[in-house]
Amino acid sequence: MPLILAATPIGDPRDAAPRLAEELAGADVVAAEDTRRLRRLCAALDVTPRGRVVSYHEHNEASRTQDLLDAVAKGERVVLVTDAGMPSVSDPGYRVVAACAAADLPVTCVPGPSAVLMALAVSGLPVDRFCFEGFLPRKEGERRRTLSELQTERRTMVFFEAPHRLAATLTTMAEVLGADRPAAVCRELTKTYEEVRRGGLADLAQWAVEGARGEITVVVQGVDPAAVAATIEDGAARVAELVAQGVRRKEAAAQVASETGLSKKALYDSTLGARATQQ
């Protein structure tokens with residue numbers, strides 16, 4: 001029997017796939033991120049698990065993975081669910097999936113609701129190409145560095161964020177990615193107070209200062225390739241000026257990167273290219 005990753009509703013229990021109830025009822029083991037939430041979901045689906053129910057969350061994931069692996073290896077039907085959405089996507093599950101893959105044990109999914117795809121669909125931003133960045137670092141410095149690495153990302157970006165950090169995150173995004181960069185904040189998707197707020201990052205940051213509640217997904221438009229080229233070109237020119245003044249190329253690239261938020265590597269590589277052309 002395979003390990004079954006079962007997607008759960010992100011809000012409205014009516015969104016559950018019919019197969020979810022069948023798998024919960026027939027599993028030998030149900031591993032749940034929060035067993036209390038699982039009980040509420042089972043009540044909403046009018047289903048009673050016949051197998052044993054165990055907890056599987058970030059605090060015991062490392063220690064309990066082997067137990068689940070052993071159960072799958074013995075031929076037991078193991079169903080893994082998280083509080084909302086697909087297990088292993090910014091939720092517990094990766095460890096046991098990786099362990100099953102390493103042991104050549106089968107893994108399958110019960111498809112279902114996804115906050116990432118729903119937020120993309122309703123954002124009004126380009127969806128032909130996108131990337132999922134999950135939760136940004138909590139510390140401001142690390143968050144800023146991560147966003148700096150995404151300055152030249154052309155794909156639409158999707159993030160998860162906690163409500164009490166939303167204003168700070170949007171503010172940093174506005175400073176690093178651009179105040180007018182189009183974005184959408186999607187909160188409480190599929191729930192009673194669902195809201196989608198669209199606008200530039202600076203305006204969204206100002207709105208978020210008043211406080212936002214619930215589960216939040218942030219969608220940010222990728223950068224215009226032409227704008228990236230122009231920005232890097234300007235930054236490279238500044239690096240070249242510093243090099244002409246006697247500053248080492250590596251140090252000059254680091255200085256301009258610090259001043260502008262541009263990628264140090266992109267600046268350094270760009271000036272190397274210009275130097276090669278001159279030679």
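1. Ser88 sits in the loop between strand E4 (78-81) and helix H4 (94-102). Helices (H or I, at least four residues) and strands (E, at least two) are DSSP runs, numbered from the N terminus. Ser88 has a positive phi of about 85° although it is not a glycine. Most residues other than glycine have a negative phi. At 30% relative accessibility, Ser88 counts as partly exposed. The cut-offs: buried means under 20% relative accessible area, exposed over 50%, partly exposed in between (1.4 Å probe, protein chains only).

2. A word on the basis. This is a predicted model, in which local features need pLDDT of at least 70 and side-chain atom pairs count only at pLDDT 80 or more, while totals for chains, interfaces and linings use all residues. Residues are numbered from 1 along each chain as its sequence is written, and side-chain values use heavy atoms, with hydrogens and water left out.

3. Glu188 also has a positive phi, about 55°, and is not a glycine. Its place is in the loop between E8 and E9. At 14% relative accessibility, Glu188 counts as buried.

4. Now the overall picture. The protein has 11 helices and 10 strands. Its C-alpha trace spans about 75 × 45 × 30 Å along the principal axes. Of its 279 residues, 43% count as buried. Take the contacts (heavy atoms within 4.5 Å) with a separation of 6 or more: residues 24 or more positions apart account for 71% of them.

5. Look next at the open sheet of 5 strands. The order is E6-E7-E10-E8-E9, with mixed pairing. Two strands pair if DSSP finds at least two bridges between them. Strand E6 (130-135) and strand E9 (195-200) stand at the edges; each has a single partner strand, so one side of each is left without a neighbour in the sheet. The twist averages 20° from one strand to the next. Axes are lines fitted to C-alpha atoms, for helices over the stretch in contact, and angles run from 0 to 180 degrees between N-to-C directions.

6. E6 pairs with strand E7 (residues 156-161) in the parallel sense, over 5 bridges. The bridge partner of Gly134 in E7 is Phe159. Helix H7 (residues 166-177) packs on the sheet and touches E7, strand E8 (182-187) and strand E10 (216-220). The direction of H7 makes about 10° with that of E10. Helix H8 (residues 201-208) packs on the sheet too, touching E8, E9 and E10; its direction makes about 135° with that of E9.

7. The largest nonpolar core has 24 residues. Such a core is a set of buried Ala, Val, Leu, Ile, Met, Phe, Trp, Tyr and Cys residues joined through side-chain atoms within 4.5 Å. Phe159, Leu166, Leu170, Met173, Val218 and Val220 have the most contacts inside it. E7, H7, E8, H8 and E10 each supply at least two of its residues. The largest share, 7 residues, comes from H7.

8. Which residues does Val220 touch? Not counting residues up to four places away in sequence, they include Leu125, Phe159, Met173, Leu177 and Leu201.

9. Last, the cysteines. The count comes to 0 disulfides (pairs of cysteine sulfur atoms within 2.5 Å). For Cys100, the nearest cysteine sulfur is that of Cys109, 12 Å away. Cys100 is buried, with a relative accessible area of 0%. For Cys131, the nearest cysteine sulfur is that of Cys186, 15 Å away. Cys131 is buried at 8%.
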